[in-house]
Amino acid sequence: FSQASILFPDHPDIYFMKARTEALMGDYDAAIYDYAKVIDLDSNYVQAYVQRAYAFLSTKQNTAAFIFFTKAINKDPNQPADVYYARGYTYQESGAYWQALEDYKKAIELNPDLAGAYQNSGNCYYALKDYAKALDCYGQSEKLQPYDSTVYYARGFVYLDTGFTEKACEEWNKALNMGNKYVQKYIDVNCGKK
């Protein structure tokens, strides 16, 4: 692809494939640079915006990722569920929970089996202290992925915050039995187990 880009410097597909390869190899900085070349050559190359956003997300540059997910959605709102899900995550990480919930809602409309969108919606509702909706979202996520320990881990905090410590401990013990070691310290502090 590097050689092809020298021979055909005005061909956006070559830079796009070069960037995709760089991203697959973990060289996200190079990918980000080459996706920018694609966009310079063709400002309507929507997948370049999407993939550049993912590359930014992979390097924890959430603000830049948000910008490029938004540009992709603005150019073509018919994006797949994972694009709305990913932009929702960037909103969530910045504390913009209501905007995150809107994107997760759209992602779920497009893909009702997207368990992560339910779980992250639950995390947003938890942050907003809407515990009933958080529990509902965690329940939906659990139905889709009953062996994902992070659902039980998160739901434990809802029960703890609402005064149901015994239920919190039940949830955390489920997570622990599934191999989630992060819950042990919460069990130790709140559940009378050392």
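1. Gln-61 sits in the loop that joins α4 (46–58) to α5 (62–75); helices here are DSSP runs of H or I with at least four residues, numbered from the N terminus. The model is predicted, so local features need pLDDT of at least 70 and side-chain atom pairs count only at pLDDT 80 or more, while totals for chains, interfaces and linings use all residues. Residues are numbered from 1 along each chain as its sequence is written, and side-chain values use heavy atoms, with hydrogens and water left out.

2. Gln-61 counts as partly exposed because its relative accessibility is 33%; the class lies between buried (under 20% relative accessible area) and exposed (over 50%), with a 1.4 Å probe and protein chains only. Apart from neighbours within four places in sequence, Gln-61 is in contact with Ile-32 and Phe-56, contact meaning heavy atoms within 4.5 Å.

3. The side chains of Gln-61 and Thr-59 make a polar contact at 2.8 Å. A polar contact is a pair of N or O atoms within 3.5 Å; within protein, one must be able to donate a hydrogen and the other to accept it, and residues adjacent in sequence count only if both atoms are side-chain atoms. From Gln-61 to Asn-74 the separation is 13 residues in sequence and 20 Å in space, C-alpha to C-alpha.

4. Asp-34 belongs to helix α3 (residues 28–41). Asp-34 is buried because its relative accessible area is 2%. The side chain of Asp-34 makes a polar contact with that of Lys-18, at 2.7 Å. Beyond neighbours within four places in sequence, Asp-34 is in contact with Tyr-15, Lys-18, Ala-19 and Glu-22.

5. The structure holds 1 disulfide, the term denoting a pair of cysteine sulfur atoms within 2.5 Å. Cys-169 and Cys-191 form this link, with their sulfur atoms 2.0 Å apart. The link is left-handed, with -100° about the S-S bond. Cys-169 lies in helix α11 (residues 165–177) and Cys-191 in the segment after α12 (184–190), so the pair ties together parts that are 22 residues apart in sequence. Both Cys-169 and Cys-191 are buried.

6. Cys-124, by contrast, is in no disulfide; the nearest cysteine sulfur, that of Cys-137, is 8.9 Å away. Cys-124 counts as buried because its relative accessibility is 0%, and Cys-137 is buried, with a relative accessible area of 11%.

Conventions:
Helix = DSSP H or I, 4+ residues; strand = E, 2+ residues; numbered from the N terminus.
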